[in-house]
Amino acid sequence: MSIPTKYHLPLLILVCLCLFFPHLGVLYENIMEARNFNTAREMLHYNNWIFTTMNGEARYEKPPLPTWLTAISGAIFGLEKIWALRLPSAIITTVMTVGLYKLAGRFLFNKNQAFNSALILATSFYILFSGRNGTWDIFAHSFMVCGIYFLYRFFAEEKSIYRNAVLSGVFIGLSFMSKGPVSHFALLLPFLIAYGFIYRFKGFKPKVLPLVVMIVVIAILSSWWAIAIYTLDTNSATAIADKEATAWANRNVRSFYYYWSFFTQSGIWTIPAFIGLLYPYLKSRVENLKAYQFTLLWTLAAVVLLSLIPEKKSRYLLPVLIPLALNTSFYIDYLIRSFAVLKDKKEIWPVYFNFGLITVIAILVPVAGFVVLGDSLNGLWFWFVLLSLSTVIIGVAILFRLKRKTIASVFYLTIAFVCAVVVFGFPLVKASYTNKDYALLAPKVEQLKKSNTPQYLYDNGSPELIWDLGQRLPLIRSDEGLQIPVESQFAVWVDEDKIDAFKSDFKAFQVDFQYKIDGNITSKKDRNYKSRRIAYLFFVKR
């Protein structure tokens, strides 16, 4: 089964529309999103487009480009709509998927394999997760994929050298404006290492001047914001830079081997991704050995470089999934070409196990969903029935195609399965929204404001709580220390974890507890339940 090239881009965009855009507002924002959304809101409310803030305090930890895009989306569709704030992430992840397809088509010389590699990328677990969340990593790596596409053309082609140099410089600079040098270290540098080893930068001498132009473009785009904040807000910028440097060296420190299970982050492609890394096995089975060596070295170089950084988190593996998708496509391409005639059981059984497991999961979705969700499905039966029907049909189809050894059909049905889970399954997340004490905080803040009651936030410790407030409130405890309000009577919002510290600071005052607002939509048994979302209101009198 071969899909005509003319359908590749429309189908890729259709898949991305299914994966990244539906039900963006179902999940409530996590701590990283809350920081970013707060900053975007204050851009619109206070014009802090350059000197970014969160509840009035400088927030220079990340460059502002993704926040700008989020703020613009919020201005168009409404800041109260979480889906609108996540929309730029969905769009940029679609751009990355198309960019990888275009890049793969340049060195694979196989449009179908390039198409498949982009599908693998889009359906990889952490790409899917990041593309539906308002976090900034996906912007940095998406812009970098586009930058690498033009950089590859700059290295490999003799025409349009200056155009490719400038466009590469622009996108690499935009990557820096999204999250600093993260993608440069984790994606660009491994690409350069792999390209240098495999393709050797041949015929590079005439390209020195265009390369200088590229570097200048990158330098200008990457540095202007940092220069602005260091020049005009030196103390804040320096303090934040020192804090970030300390975090990279001392926070979440893991062993060198922490990332060695990186292929599991591809989710549904874990087994094919692992087999694709087995060079002795696959080197004689691929059609383009040099391209396979390139993607393999790119992947492994990224893992090794990330392993050198003391601070490690699973989400930092996001850039590795990009070359890994390319690398995995070689194994999928081999199966599409050869599985029907394979005789060796050692080659056959991993395929049956991988796609057989997907088949079982797909067919059992209705039973498992009903057992787990039960009475919580009230009001969600429409989506549950659609999910059940679609996954069972896809599961049965995979089973028949697997029996006939038509792996291309099995592969595309697997893509359809992931799309069905997102389109029909995501609304079922609402079944976990069972906290009977859940209440919105913003209306209470607005109510106090209308009654002319001075109100403050104790500190900036909880980004989620700040977001739930709906507006900026003056701080009592900030980077500048403790600042006692001048009013004789005032209200203070305190998150649950800071109550003891708050009472200690105001032990000489009359402190009266009023009520608490639980901003958790899930129950206390849920792992997503956070004490940071519980706000306590106190009235303080001198």
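1. Is strand β6 (residues 489-495) largely enclosed or exposed, and why? Six of its seven residues are buried, so β6 is largely enclosed by the rest of the structure. Buried here means under 20% relative accessible area, exposed means over 50%, and partly exposed lies in between (1.4 Å probe, protein chains only). Strands (E, at least two residues) and helices (H or I, at least four) are DSSP runs, numbered from the N terminus.

2. On the basis of the note: this is a predicted model, in which local features need pLDDT of at least 70 and side-chain atom pairs count only at pLDDT 80 or more, while totals for chains, interfaces and linings use all residues. Residues are numbered from 1 along each chain as its sequence is written, and side-chain values use heavy atoms, with hydrogens and water left out.

3. Two strands pair if DSSP finds at least two bridges between them. β3 (residues 455-457) runs parallel to β6 and is joined to it by three bridges; within this pairing, Gln455 has Ala491 of β6 as its bridge partner. β8 (residues 534-541) runs antiparallel to β6, with seven bridges between the two. Asp495 is bridged to Ala535 in β8, and Gln489 to Lys541.

4. Strand β8 is also joined to β7 (residues 510-518), by eight bridges in an antiparallel arrangement. Asp518 stands opposite Ile534 of β8. Because six of its eight residues are buried, β8 is largely enclosed by the rest of the structure. In a regular strand the side chains alternate between the two faces of the sheet.

5. Helix α15 (residues 321-338) is mostly covered, with 16 of its 18 residues buried.

6. A nonpolar surface patch is formed by Tyr162, Val208, Leu209, Val212, Val216 and Ile220, with about 550 Å² of accessible area together. Patches take residues with over 30% relative accessible area and no salt bridge; nonpolar side chains (Val, Leu, Ile, Met, Phe, Trp, Tyr) are joined within 5 Å, and like charges within 9 Å. A salt bridge is a side-chain nitrogen of Lys or Arg within 4 Å of a carboxyl oxygen of Asp or Glu. The areas come from the Shrake-Rupley method with a 1.4 Å probe; for residues, only the protein chains shown count as cover. Helix α10 (residues 208-232) gives the most to this patch, with five residues. Val212 lies in α10 and is partly exposed, at 41% relative accessible area.

7. Gly134 sits in the loop between α6 (125-131) and α7 (137-156). Its relative accessible area is 0%, so Gly134 is buried. Leaving out residues up to four places away in sequence, Gly134 touches Glu33, Asn36, Phe37, Arg86 and Ser89; contact means heavy atoms within 4.5 Å.

8. Trp49 is in the loop between α2 (31-46) and β1 (53-54). With 27% relative accessibility, Trp49 counts as partly exposed. Not counting residues up to four places away in sequence, Trp49 touches Met43, Leu44, Pro64, Trp68 and Ala71. Thr67 is 18 residues from Trp49 in sequence, and their C-alpha atoms are 8.7 Å apart.
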